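Subject: Structure handover and what I found

Hi,

Here is the structure I promised you. Please open it next to this message and follow along.

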There are 2 protein chains.
Amino acid sequence: MKKLNVIGKRVRRIDALAKVLGKAVYSDDLVLPHMLYGKALHSALPHARILKLDIEKAKALSGVCVVLTAKDVINNDKYHRTGDTWVLAEDEVRYVGDIIAIVAAESEKIAEHAINLIEVEYEPLPVVISLEDAVKGIKLTRCDKPDNIAMPIQVTRGDVDTDFEKADTVVSGKYIFPCLHQVHLETNSATAVYELGQLVVYCGSQVWFRTRHELSKITGLKEENIIVKAMVMGGAFGARNEQIVPILSALLTMATKMPVKFTNSRLEEFLTTRPSVGMEIELTIAADKKGKFLSKKSRLLTDFGAFTSDSDAVTAIASLRSDINYRFNSVFVEATGLYTNHAPTSAYRGFGNQQMHFPLESLIDELADKLNLDPTEIRLKNFTQPNDISIHGNAISSCGLNECMEKAKKLMNWDKKRKNKVPGKGLGVATLVHASSSRAGEPEFAGSCSELRLESNRKFTVLIGECEMGQGASTVMAQIVAEEFGICPSDVTVIMGDTDLVPFSTGTHGTKLTTNLGNSLLFACKDVKEQLTKCLRERLGTGPVEIKDGQIISTNTQKNLMPLSEAVKQASYANSGRPFIGLGIFEPKTVMGDRTGYGNIAPTYPFGIQMAEITMQEDGDFIIDKIVSVHDIGKVINHDMALGQIYGGVMQAVGFTTLENLSINQEGIFQANTLLEYKPPTILEMPEIIGDFVETIDPYGPYGAKGIGEPPIISVAPAVANAIFNACGIRYDDIPITPMKVRKKILEKKKNEKQSV
Amino acid sequence: MKKLNVIGKRVRRIDALAKVLGKAVYSDDLVLPHMLYGKALHSALPHARILKLDIEKAKALSGVCVVLTAKDVINNDKYHRTGDTWVLAEDEVRYVGDIIAIVAAESEKIAEHAINLIEVEYEPLPVVISLEDAVKGIKLTRCDKPDNIAMPIQVTRGDVDTDFEKADTVVSGKYIFPCLHQVHLETNSATAVYELGQLVVYCGSQVWFRTRHELSKITGLKEENIIVKAMVMGGAFGARNEQIVPILSALLTMATKMPVKFTNSRLEEFLTTRPSVGMEIELTIAADKKGKFLSKKSRLLTDFGAFTSDSDAVTAIASLRSDINYRFNSVFVEATGLYTNHAPTSAYRGFGNQQMHFPLESLIDELADKLNLDPTEIRLKNFTQPNDISIHGNAISSCGLNECMEKAKKLMNWDKKRKNKVPGKGLGVATLVHASSSRAGEPEFAGSCSELRLESNRKFTVLIGECEMGQGASTVMAQIVAEEFGICPSDVTVIMGDTDLVPFSTGTHGTKLTTNLGNSLLFACKDVKEQLTKCLRERLGTGPVEIKDGQIISTNTQKNLMPLSEAVKQASYANSGRPFIGLGIFEPKTVMGDRTGYGNIAPTYPFGIQMAEITMQEDGDFIIDKIVSVHDIGKVINHDMALGQIYGGVMQAVGFTTLENLSINQEGIFQANTLLEYKPPTILEMPEIIGDFVETIDPYGPYGAKGIGEPPIISVAPAVANAIFNACGIRYDDIPITPMKVRKKILEKKKNEKQSV
């Protein structure tokens with residue numbers, strides 16, 4: 001492999017300066033002349049019939065420009081692909097937060113006042129909050145599927161019954177993983193302008209083009225008359241795959257012909273956006289006496305909330321993905337997605353995978369304990385190996401699990417600490433797998449396209465339809481161009497997501513940008529290089545040349561002929577000003593899953609090992625001392641940013657493992673509606689995090705790279721749970737594992753021990 | 001030629017709606033948060049040494065953020081290509097309006113107040129206002145050329161002396177054509193933002209990339225860190241080839257790190273922008289007794305003002321261009337560009353060509369009178385013919401002068417009216433030639449480049465570096481795309497001039513857009529068509545297809561396979577979202593003029609005939625009744641817009657022929673500093689204008705088209721002067737020919753007649 005100058009280096013983020021100096025323009029920063037402000041009326045009840053809806057007083061309020069209800073939205077029922085929802089509630093509301101009416105007014109205060117003047121009379125209907133109730137089949141209206149079942153999955157691979165018969169040991173458990181809020185710090189905001197038949201929506205999104213498509217379906221405008229303009233984003237984490245705010249602002253601007261801004265308060269974020277899919281998982285593992293896994297059975301109940309959003313896809317990933325970690329003979333899984341009367345659930349970093357890793361990795365720990373094996377040992381016996389085809393068809397082009405385990409053990413000093421166990425201390429380990437560049441969005445579409453422009457003044461611009469949501473993708477793309485042309489990453493402008501400027505894209509998800517998009521950008525660089533050198537050769541008579549370190553070098557004499565900047569100017573002038581526009585397409589060799597999910601939906605799979613060390617007081621109060629997080633992500637493109645992904649993912653996971661709680665009560669209301677109540681972790685709750693990498697060079701990634709976006713969040717919860725077991729001998733099977741819960745069980749255990757004495 | 005559906009039709013301007021509804025955003029409409037306002041201190045004297053410049057009081061004023069003088073501008077002397085000027089005056093001022101200091105303040109009022117607080121002490125220096133004085137050689141500082149001569153031209157073709165010896169008739173005269181203001185209704189305005197090392201300037205311009213280059217030279221920033229963003233423009237007419245306002249706003253934003261808007265008042269437009277080049281022309285024509293032209297001698301003194309701007313190029317065009325009209329055996333021309341102490345002069349629609357057409361066409365009229373020939377007849381005898389090579393090397397690919405004359409005569413009812421002459425009525429005629437796509441800007445660069453994007457949602461976007469300045473070029477480009485793809489022109493978005501988005505361009509001048517740019521866009525359309533049909537054939541298995549009326553048609557079966565929109569979506573998806581990006585380059589086969597101007601600087605030449613009919617009272621008061629304006633512009637792309645160009649050009653010419661007057665007094669001050677004083681024509685001064693076309697199909701233009709941007713302004717003045725002679729028998733040789741001047745000469749004539757009686 002040739003020497004790399006920029007790739008693999010600790011390159012500063014190209015967007016750092018703008019963010020640090022407050023120059024980055026987020027959605028809510030946008031101020032347009034004569035702008036109106038939008039606000040929404042949310043359902044106060046989790047399930048009810050609307051008997052009366054009176055908007056007259058609101059309309060009459062001075063400063064109010066328009067009040068819209070369901071009947072004003074021509075394609076109200078065309079919202080989202082799954083067909084089980086609407087934009088504004090029609091005769092019925094299905095969750096607290098369901099939007100009944102929207103207002104545009106001259107100020108946010110007036111809009112809020114108008115909302116309070118809208119009169120709604122409800123007839124309460126039966127409420128389904130828990131998965132238990134949902135299974136009982138209390139009928140929810142607008143649910144044309146029987147027994148509230150939004151989606152059933154049942155998959156059998158291999159001979160599960162025979163494997164279970166052969167088994168020496170069987171372990172099983174029931175686990176609870178709740179709905180979680182992604183808590184991106186910037187709340188949703190969109191500003192829409194409808195003028196001269198063209199709709200422009202300024203917002204943050206992971207899926208600019210899906211947003212454009214949704215806007216087209218609901219407004220009836222042709223997609224070619226809609227532009228979604230990308231704003232800088234303060235986080236996304238899956239929560240911006242499906243957003244209502246851009247649609248509301250669009251409806252209001254089309255009704256008023258004035259620019260309309262719609263910004264969520266934090267409360268509105270909790271009420272109306274899409275938390276992650278809560279799950280109840282029953283799991284059974286069968287193994288032989290040496291600890292070799294034979295088979296696995298799982299049953300999932302997954303909580304869709306009031307409509308599907310992307311929870312069907314999340315459920316599918318939860319059902320199958322984690323099996324890639326190990327070599328199972330057979331597996332059985334049955335998953336049932338259920339409607340309930342709270343906010344619809346959807347994607348969160350890990351996309352269902354962290355939900356299933358919690359029971360899987362907890363139960364493997366239990367199995368190791370039962371067989372008297374070290375938890376690292378039992379995993380090493382069963383790890384998937386490079387070039388395996390997983391039981392679900394995934395082709396493993398690279399896998400560094402063994403090396404990750406070795407490195408993690410060393411970083412944690414595992415063997416020594418386990419051997420010389422100190423009372424009150426606990427060590428836990430968990431494995432993880434994810435997919436990099438998983439197919440999503442359009443079924444016929446698995447690839448990415450990059451456009452690279454090189455202008456007569458040597459300006460490099462990358463145009464792509466994916467987004468920068470804080471993960472650093474723009475810097476990775478700048479590094480790739482810089483590497484290929486021998487320039488500085490800060491010399492590259494990256495435009496991500498202005499639907500009129502950039503190639504179509506299915507969006508930003510599935511840890512796909514570095515691999516999929518990165519590969520396409522490499523092809524675009526190649527395209528530009530070929531065009532430029534051809535022009536220099538044919539029009540400027542340089543003879544064969546190559547581009548190296550920002551210079552044009554004669555291939556024959558290796559003489560430096562001129563700087564790249566001069567070459568581009570001359571070549572462009574010789575072509576009447578033609579810019580060099582390179583297009584790169586990468587279509588990974590993936591296979592869409594069949595009806596049972598068998599297939600190879602991603603070109604590469606990142607793996608990792610997470611370890612937790614905790615200290616527990618006798619009363620159960622504990623702190624996480626240290627997380628070791630070692631990842632096989634192929635070639636590391638930017639060491640600092642990859643570490644940043646580890647820190648961020650681990651921090652989120654530490655949060656939901658031990659602190660966060662939406663607490664949906666029997667009235668269907670999230671009890672935690674402020675950051676103070678929801679309790680995302682602060683720096684005070686952070687353990688020491690030691691991140692490291694195993695650089696398998698993956699054949700499908702650019703320079704051998706795989707993705708790191710989602711993995712770090714995935715298996716922190718079981719690592720911590722296993723460490724707690726190691727410390728106090730008690731297993732915890734529902735998230736969050738708060739010190740209070742731990743203490744409760746410790747007290748119970750002590751009580752039982754006393755009684756049995 | 002295939003049937004055309006859109007080209008040649010009366011297509012509505014694609015920018016009409018936005019302009020009519022007030023939705024178009026002009027430079028001064030832009031409001032940015034925390035914006036400052038710029039103002040300039042102008043020299044009060046036409047020529048003086050600055051003894052003292054005290055800005056302290058201005059700086060101390062509350063709300064003033066910065067005051068800049070020459071010493072604050074690092075590359076103050078690098079302004080403009082000709083090296084004879086500076087951005088801000090250094091030790092010396094050279095014209096009333098020369099900028100001495102600039103201020104940025106929190107409001108325009110404060111900025112104006114600050115300007116008034118700046119104290120300047122001048123030592124007056126000798127002043128050169130008239131060309132007469134300039135010839136005398138009063139020395140002007142910073143003029144390193146001898147005798148104030150900024151530029152000498154001397155060209156001899158053929159044997160002038162012999163031709164003059166052979167001549168039967170010689171006529172000669174001395175003519176004055178003053179400096180004129182272009183009076184685009186929108187005054188210059190620019191808003192600049194310097195942030196994170198990047199300078200963005202929002203402004204109107206004919207030459208976005210030259211503006212970027214100027215900004216780079218003066219600020220020292222690399223071109224790749226400068227973006228010039230195109231705003232909608234309210235006219236340009238050559239006056240926006242060189243602009244100081246974007247530079248001033250850039251200097252102020254770089255000094256304050258805040259956005260700065262700088263908008264000229266109308267007075268500042270008169271003081272600091274570049275009026276057209278005033279000329280004194282001596283002309284002699286030699287002919288045989290039948291009226292065949294033999295030779296021509298001309299001597300031009302041209303008035304550069306305080307520095308060169310583009311008046312050197314204007315002088316060159318004035319010296320040579322009009323000779324293309326006729327077949328001369330030999331010509332001699334000597335031109336001298338002179339510095340004077342008033343505002344620098346530069347381009348105005350026609351670019352010097354209208355200046356020389358006035359004496360040439362006036363003197364030909366005199367010759368016809370002397371030889372007792374009808375003025376149309378003498379011209380017909382001498383016209384250039386198709387496939388001629390002019391005396392200066394211009395290759396005439398098409399020429400419809402004969403047909404234009406025939407049509408104009410019919411429209412004016414010339415023969416009948418001349419025969420049955422009514423007292424007080426007068427008829428005049430004049431010929432014109434111009435160049436379409438004349439080389440300008442970069443010497444190595446004669447072409448244009450177009451980019452055409454076709455996105456997955458069937459959105460067509462044309463990206464070009466030239467500008468829409470009211471002439472309708474964006475609509476012409478939309479028509480070309482619409483014609484080629486069988487769609488509506490209103491379905492095409494045209495982006496003209498955002499230097500980070502569009503191909504490099506030398507700018508908008510030389511009546512080049514329809515021909516040069518249009519041709520390049522045709523190639524871009526072809527490129528997109530080929531890419532799309534190839535993809536349909538190879539990736540979607542359609543077999544050979546063609547695009548017709550917005551549909552995909554099987555070449556073999558002529559069956560309609562699918563709409564273009566569906567085809568684009570499928571083809572783009574099959575290519576991972578790849579947009580279809582077509583690039584078209586047109587490089588006309590032109591030859592840069594040699595040192596004497598011999599060459600073929602344009603691929604095509606538009607011709608025309610203008611006729612005027614006037615009614616004169618006995619006291620000399622006259623009105624222009626009618627202008628007939630017939631043009632050979634090849635294929636007419638848009639009849640209404642081409643007529644619009646005729647109306648506009650004729651209107652401007654009627655204005656400067658009979659009304660407008662900058663009146664530079666001996667103090668170097670333009671006496672007309674408001675529209676009321678300058679007197680551009682209103683609708684009340686407008687004659688009936690009858691425009692028509694001769695559609696020669698030019699081999700080099702798209703669909704056979706040549707340009708119509710500049711021609712209509714060119715020969716109205718001599719047509720009117722000749723009509724006045726026809727009415728009263730007196731020749732007028734200095735513009736403007738106001739009724740007062742006419743009356744004065746009539747009174748003189750009567751006095752002389754009385755005396756001689």
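This is a predicted model: local features need pLDDT of at least 70, side-chain atom pairs count only at pLDDT 80 or more; totals for chains, interfaces and linings use all residues.

Two strands count as paired if DSSP finds at least two bridges between them.

**The four-strand sheet of chain B**

Four strands of chain B form an open sheet in the order S19-S18-S17-S23, and the pairing is mixed. Its edges are S19 and strand S23 (580-586), each of which pairs on one side only. From one strand to the next, the twist averages 20 degrees.

Two helices lie on this sheet. H14(B) packs on it and touches strand S17 (448-454), S18 and S19 of chain B. The direction of H14(B) makes about 140 degrees with that of S19(B). Helix H15 (residues 513-539) of chain B lies across S17, S18, S19 and S23 of chain B. Against S23(B), helix H15 runs at about 145 degrees.

**S18 and S19 of chain B**

Strand S18 (residues 460-464) of chain B pairs with S19(B) in the parallel sense, over five bridges. Strands of a sheet pair through backbone hydrogen bonds, either parallel or antiparallel. In S19(B), B:Thr493 is the bridge partner of B:Thr461. B:Ile495 of S19(B) is the bridge partner of B:Leu463.

What do S18(B), helix H14 (residues 473-485) of chain B and S19(B) make together? They make a right-handed β-α-β unit.

B:Val492, B:Val494 and B:Met496 are on the covered face. B:Thr493 and B:Ile495 are on the uncovered one.

Is B:Thr461 buried or exposed? Its relative accessible area is 5%, so B:Thr461 is buried; the cut-off for buried is under 20%. Leaving aside neighbours within four places in sequence, B:Thr461 is in contact with B:Glu451, B:Leu452, B:Arg453, B:Thr493 and B:Ile495.

**The three-strand sheet of chain B**

Chain B also has an open sheet of three strands, ordered S20-S21-S22, with antiparallel pairing. The edge strands are strand S20 (545-548) and strand S22 (560-563) of chain B, and each pairs on one side only. Neighbouring strands of this sheet are turned by 30 degrees against each other on average, direction ignored.

Strand S21 (residues 551-554) of chain B pairs with S22(B) in the antiparallel sense over three bridges. There, B:Gln551 stands opposite B:Pro563 in S22(B). H15(B) turns up here too: it lies across S20, S21 and S22 of chain B. H15(B) runs at about 135 degrees to S20(B).

In chain A, helix H10 (residues 353-371) and helix H19 (residues 716-728) have axes that come within 8 Å. These axes cross at roughly 30 degrees. H10(A) passes H19(A) in a right-handed crossing. H10(A) brings A:His357, A:Phe358, A:Glu361, A:Ser362, A:Asp365 and A:Asp369 to the contact. H19(A) brings A:Ala717, A:Pro718, A:Ala721, A:Asn722 and A:Phe725. By class, that contact has five nonpolar, three polar and three charged residues.

An α-helix has 3.6 residues a turn, so residues three or four places apart point the same way.

In chain B, helix H10 (residues 353-371) and helix H19 (residues 716-728) pack at an angle of about 30 degrees, with their axes 8 Å apart. H10(B) passes H19(B) in a right-handed crossing. Contact residues include B:His357 and B:Phe358 of H10(B), and B:Ala717 and B:Phe725 of H19(B). The classes here are five nonpolar, three polar and three charged residues.

A:Ser322 lies in the loop between helix H9 (311-320) and strand S15 (330-339) of chain A. A:Ser322 has a relative accessible area of 0%, so this residue is buried. Leaving aside neighbours within four places in sequence, A:Ser322 is in contact with A:Asn353, A:Met356, A:His357, A:Leu360 and A:Val433.

In helix H16 (residues 564-574) of chain A, the buried residues include A:Leu564, A:Ala567, A:Val568 and A:Ala571. Just after H16(A), A:Ser576 takes a positive phi of about 55 degrees.

Best wishes

Definitions and conventions: Residues are numbered from 1 along each chain as its sequence is written. Chains are lettered from A and ligands numbered from 1 in the order in which they are written. Side-chain values use heavy atoms; hydrogens and water are left out. Axes are lines fitted to C-alpha atoms, for helices over the stretch in contact, and angles run from 0 to 180 degrees between N-to-C directions. A crossing is left-handed if the near helix is turned anticlockwise from the far one by less than a right angle, and right-handed if clockwise. Contact means heavy atoms within 4.5 Å. Ala, Val, Leu, Ile, Met, Phe, Trp, Tyr, Cys and Pro count as nonpolar, Asp, Glu, Lys and Arg as charged, and the others, Gly among them, as polar. Buried means under 20% relative accessible area, exposed over 50%, partly exposed in between (1.4 Å probe, protein chains only). A crossover is right-handed if, with the strands pointing away from the viewer, the path from the first strand over the helix to the second runs clockwise.
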